[in-house]
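Welcome! Have the structure open beside you, try each exercise yourself, and then read the solution.

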Amino acid sequence: MNILFDSFEEWRSFCHKSETPLYQPTLEYEIKQKGASEQEVWEGLKKAYQVMKDAVKTGLSADMNSYSGMINGGAKKVANVPIAVLSPEFQKLVSRALAAKEVNSCMGRVVAAPTAGASGILPGVLVTLQELHDLPDQKIHECLLIGAGVALIIEKRASIAGAVGGCQAETGTAAAMASAAIVYALGGNTDQVFNAVAITIQSMLGLICDPVAGLVEVPCVVRNASAAAIANSSAQIAIADVSPVIPVDECVDAMGEIGQTMDVKYKETALGGLAATPTGQAISKRVLIQDIEIMDDEEENS
Ligand code: SF4
């Protein structure tokens, strides 16, 4: 059994022919990779989801102040502002994605899904999805396997790292994972699940990686919120049977092509985009001076 697919088409065809659920190949892959039993893999997924839920909770309750000072409790502000721009549920989605990512930026515990830079997207989406639709934990654990299957193919055909393919590869992949998970959880068919991935990628193509001062804080935190929103809008479009026109595998290839030709200054080097703005440069200088002062203090005390 081929458990690591080269394409979404292969994944679709395998599950269709073998009449297995969409999450089954990723489950088998996890069993093989980890040398674990099926029960152990489900236990691992349960733990991963618990870490995600804890990150959301921590980000919305504890003081979230990053070392650089760029992150300072934005998720709590969003959760508590009395004006909901869309619906209270949408406000919760945005605040939860921000919360989990702020925990990462403040050196807390998160699940890299697929990377630490994108670690707020799945928690924000899945916690809100489960609450809105009263879904059992088992369904969310299956969603994690669906998301992992999506990331494995994107990693193979394009990239999931900002340093290789820009932010489209990182937050874009996480949004695609989340979008597929939503459609799967709500009973969408395989075409709709994969169309959600295609529509999400189309919505995030070209996004550069330009972290201010080289820290995974700005714009990373807000991009987790917007990616969570795009995951939901794409899932809504896909589940209504709107065609992405360009098939999902071709969308992934386009992401790979854009990543390959993207200037190196937009690939986590902090040499372009927001990182290169006067304010970004001033923050970078301040953080560097802070680092030097800490090193000097450590030397004096040693
Ligand atoms: S800007 Fe770069 S570091 Fe920040 S989330 Fe995107 S890919 Fe990751």
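The model is a predicted one, in which local features need pLDDT of at least 70, side-chain atom pairs count only at pLDDT 80 or more, and totals for chains, interfaces and linings use all residues. Residues are numbered from 1 along each chain as its sequence is written.

**Exercise 1. Find the span of helix α5 and work out whether its residues are largely enclosed.**

Step 1: Helices are DSSP runs (H or I, at least four residues), numbered from the N terminus. Helix α5 covers residues 88-105, which is 18 residues.

Step 2: The expected span is 1.5 Å times one less than the number of residues.

Step 3: A residue is buried if 20 or more other C-beta atoms lie within 10 Å of its own, exposed if 12 or fewer, and partly exposed in between, with C-beta atoms placed from the backbone. In α5, 14 of the 18 residues are buried, so the helix is largely enclosed by the rest of the structure.

**Exercise 2. Describe how α3 and α5 cross.**

Step 1: Axes are lines fitted to C-alpha atoms, for helices over the stretch in contact, and angles run from 0 to 180 degrees between N-to-C directions. The axes of α3 and α5 come within 7 Å and cross at roughly 95°.

Step 2: Angles of 65 to 115 degrees count as roughly perpendicular, and α3 and α5 are therefore roughly perpendicular to each other.

Step 3: Two residues are in contact if their C-beta atoms, placed from the backbone, lie within 7 Å. Residues making this contact include Met 52 and Leu 60 of α3, and Ser 95 and Val 103 of α5.

**Exercise 3. Which residues are closest to the ligand, and which helix gives the most to its shell?**

Step 1: The ligand is surrounded by 14 residues, the closest being Gly 117, Gly 162, Cys 167, Cys 209 and Cys 220.

Step 2: α9 (167-185) and α11 (220-239) each supply at least two shell residues. α9 gives the most, with three.

Notes. A residue is near a molecule or strand if its C-beta atom, placed from the backbone, lies within 6 Å of it. Angles under 35 degrees count as roughly parallel, over 145 as roughly antiparallel, 65 to 115 as roughly perpendicular and the rest as oblique.
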